[in-house]
Amino acid sequence: MIELVERIASIQPIKSKLKLAIHDDDELKKINEMAFSILEEVGVHCPSQKALRIFADAKANVDFDKKLVKIPSYLMVEHLKNAPRRYTLAGRRPELDVKIGSDDGTYCACGGEASYVIDFRTGVKRRAVKEDLANIARVADYFPIVSVVWQIVSAGDMGITAPIHGMEALFNNTEKHVQTESVIGERSAKYTIEMASVIAGGRDKLRERPIFTGMICTIAPLAHDESGIEAALAFAEAGLPVGFMSMPTMGLTAPPYQASAIAVGLAEVLSGCVLTQIAYPGTPNYVVIPTAVINPRTGDYFYASSFSQIANAAVVQLAHYNGLPALAGSSCGGNAYKLNSWQVGLENIYVNLLAVMAGADMCSGLSGLMEVVTVLDMRRFVFDIEIFQAIDIIVRGVEVNDNTLALDMIREVGPRGMFLGQKRTAKELPKLWPPSILFEKPEVLGEKYRNAEEVAHEAIDWVLKNHHPAPLDERVKQELRKIVTAADNDESLKRKLKGE
Amino acid sequence: MDNRELFVEMQQSIVNYDEAEAIRLAKMTLEKGIDPALAINEGFAKGIQIVGNMFGKDEIYLPELVMSADAMTAATDILGEAIKKSGGKAKYLAKGIAGTVKGDIHVIGINLVATFLVANGFDIEFLGVDIPSSVFVEKARELKADIILLSALLTTTMPSQKEVIDDLKEAGIRENVKVIVGGAPVSQDWADKIGADGYGQNASAAVDVAKKLLGI
């Protein structure tokens, strides 16, 4: 069983001694030049008048009728220079700050955003509600391996303003830095900025210590969403970090080659970064490009293929090549719901191991999500932690020094001896056998065998009963409630969100 | 060349997913005064049946299916107008309309569904994305559609699927048409809840559901 003790939230990045370089300099240059050429020659669709005007004022080639932007390479270089490689994603306490670009290693984030959950009590699959998000946020707050908490599930009972309710649920249930990928549209963004400002103690303080990040998804191939790009601009204006995610599918929304899919994805995310840099120079950006493969039989989206996994990790190098931080890894979770399936174990370990070894600044594989990020099973969250524990051990490599070579022990024990009864063995062996949900077995004959699911269930149950993140000040809570209620009553916002 | 040979060439153009050839043969059909409905039924449609069978047997994958359906659509676009004028009728398994509901601009999933259905012998009019409920209703009435396929990729646009079903009822044509819903956040539960006739988890499943609902 894993260790369960009452404690306040803390974070623990994974520092990798192993370094994985997927591309050599020539390959990096070629893919990057390709991305720049795509932006210069083919362009990117950008259906926001506001964004088009910003691009046009910066001397990009803008066709307002076609809503198409072509960005000369020199503009890309000029503006990407302003994007910081190092910045802080603030937690509610400085001890929870995520120092992007530091030597601390890879910070683990959750994934999202699922519409369904496996009900923790009944085991029945049902639509996710706000309370589910509150619960999983508390679980994420408890485990130190999680540094950044996402909207893992939707607040599906809250209607069209669900993303804003989701932010309220997160702010109330974790002290850690929060990332959202579903708050889109300028008005929604402004409601969430207002909430964060109340928590931070004002707009200026939020700018100094941004407690949440807006992540915006592009549309492959080569398009932005109006609501997404306008939310990005609102977040950047408030001084918040803005990440861009492209999800090219090889053979469907990208050419059937990894290199080309990466280049197309890179063109999308870089065009988003450049827009925020033109409008608000110095905006903290990061990029993420999970490539996928189309199932050639059914058309299903499949992003845990080995072809995708290595491509995801390759993006880290390309991001760094452009002076940008990268988020990589994911909680793939298989295409079919089977908690202990071979597929899930294989997918989640490799995609995240490769991402950490490639030097990702953040890794978004801790989520407990299944069925291609559509279903949350909280028990799986504990399994994901188990995977990251394994990754943490692997990437430390093999420590070599006089102590670990242990000649003195070998001398003492000698040929045909045993190392078990040694004091140093007693001290070190528990480190080689970390707490796990996988190695539970009956203590006595006749006792029931407990599998990993049962142990994980017990762990989650314990966390939900015993972990209570430091609450927000009552006044702040009430302010958040008021802001969410105002969003719920904002007919103009709701019409916009409905696409009317 | 007699018509029989020409029909074989038409089949082959689809099996070889040769759009340019399919267009050439469709035009030749009109130039030679051959019945366009016969050209579809005896030529192109037989080709798409072969392609559907090959896909079913894992002999080809989706890209070939899409290319064949594109060739088929190119040919039938040319012949369709002439059929209308001649009063003839091409044989299809069923007639349907497909689109993504209001407020949602996701195109790829529903496009694949439409392609799968075309490749399986359905006559599908693809309406596109962000389609208001009223357009689905009007088109269903106008085309006497047997089936409507509604896609929603966002939890926030799923209610628009229900709106279409409600509007079909209000227009008095709900009983004439089967409604299949799909999209990443959509489930069988949702389909049941909003009174849809079926749910397709993916493009391939949508074809099976459509055939089952129509008793084909």
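## A buried methionine in chain A

Met247(A) is buried, having 20 other C-beta atoms within 10 Å. Here a residue counts as buried if 20 or more other C-beta atoms lie within 10 Å of its own, exposed if 12 or fewer, and partly exposed in between, with C-beta atoms placed from the backbone. This is a predicted model, in which local features need pLDDT of at least 70 and side-chain atom pairs count only at pLDDT 80 or more, while totals for chains, interfaces and linings use all residues. Residues are numbered from 1 along each chain as its sequence is written, and chains are lettered from A and ligands numbered from 1 in the order in which they are written.

To find Met247(A), look in the loop between β12 (242-245) and β13 (249-250) of chain A. Helices (H or I, at least four residues) and strands (E, at least two) are DSSP runs, numbered from the N terminus. Setting aside neighbours within four places in sequence, Met247(A) is in contact with Cys217(A), Ala220(A), Pro290(A) and Ala292(A); contact means that the C-beta atoms of two residues, placed from the backbone, lie within 7 Å. Ala292(A) is 45 residues from Met247(A) in sequence, yet their C-alpha atoms are 7.1 Å apart in space.

## The largest nonpolar core

Which residues have the most contacts inside the largest nonpolar core? They are Ala326(A) and Ala328(A), in a core of 229 residues. Such a core is a set of buried Ala, Val, Leu, Ile, Met, Phe, Trp, Tyr and Cys residues joined through C-beta atoms within 7 Å. Helix α9 (residues 258-279) of chain A is the element that gives the most to this core, with 13 residues. Domain 1 (3-86) and domain 2 (95-214) of chain B both contribute residues too, so the core lies between them. In soluble globular proteins, nonpolar side chains tend to be buried together.

Beyond four places in sequence, the contacts of Ala326(A) include Tyr286(A), Val287(A) and Val288(A). Val315(A), Val316(A), Ala319(A) and His320(A) are also among them, as are Ala360(A) and Asp361(A).

## Two domains in chain B

Chain B is divided into domain 1 (3-86) and domain 2 (95-214), with bounds that come from an automatic or database domain assignment. Their centres, taken over C-alpha atoms, are separated by 26 Å. The contact between them takes 11 residues from domain 1 of chain B and 5 residues from domain 2 of chain B.

On the domain 1 side, α3 (36-56) and α4 (62-86) of chain B each supply at least two residues, and α4(B) gives the most, with 6 residues. By class, this side of domain 1 has 7 nonpolar, 4 polar and no charged residues. For this count, Ala, Val, Leu, Ile, Met, Phe, Trp, Tyr, Cys and Pro are nonpolar, Asp, Glu, Lys and Arg are charged, and the others, Gly among them, are polar.

## The chain B sheet

In chain B, 5 strands form an open sheet in the order β2-β1-β3-β4-β5, with parallel pairing. Two strands pair if DSSP finds at least two bridges between them. At the edges are β2 (123-131) and β5 (198-199) of chain B, each pairing on one side only. Helix α9(B) packs on the sheet and touches β3, β4 (178-182) and β5 of chain B; its direction makes about 160° with that of β4(B). Axes are lines fitted to C-alpha atoms, for helices over the stretch in contact, and angles run from 0 to 180 degrees between N-to-C directions.

Strand β1 (residues 95-101) of chain B pairs with strand β3 (residues 147-151) of chain B in the parallel sense, over 5 bridges. Ala98(B) stands opposite Leu149(B) in β3(B).

## Backbone spots worth a look

Most residues other than glycine have a negative phi, and most peptide bonds are trans. A cis peptide bond joins Ala220(A) and Pro221(A), with omega about -5°; Pro221(A) is in the loop between β11 (212-217) and α8 (226-237) of chain A. The peptide bond from Gly112(A) to Glu113(A) is also cis, and its omega is near 10°.

Lys59(A) is not a glycine, but has a positive phi of about 75°. This partly exposed lysine has 13 other C-beta atoms within 10 Å. Ala406(A) likewise has a positive phi, of about 50°, and counts as partly exposed with 17 C-beta neighbours inside 10 Å.
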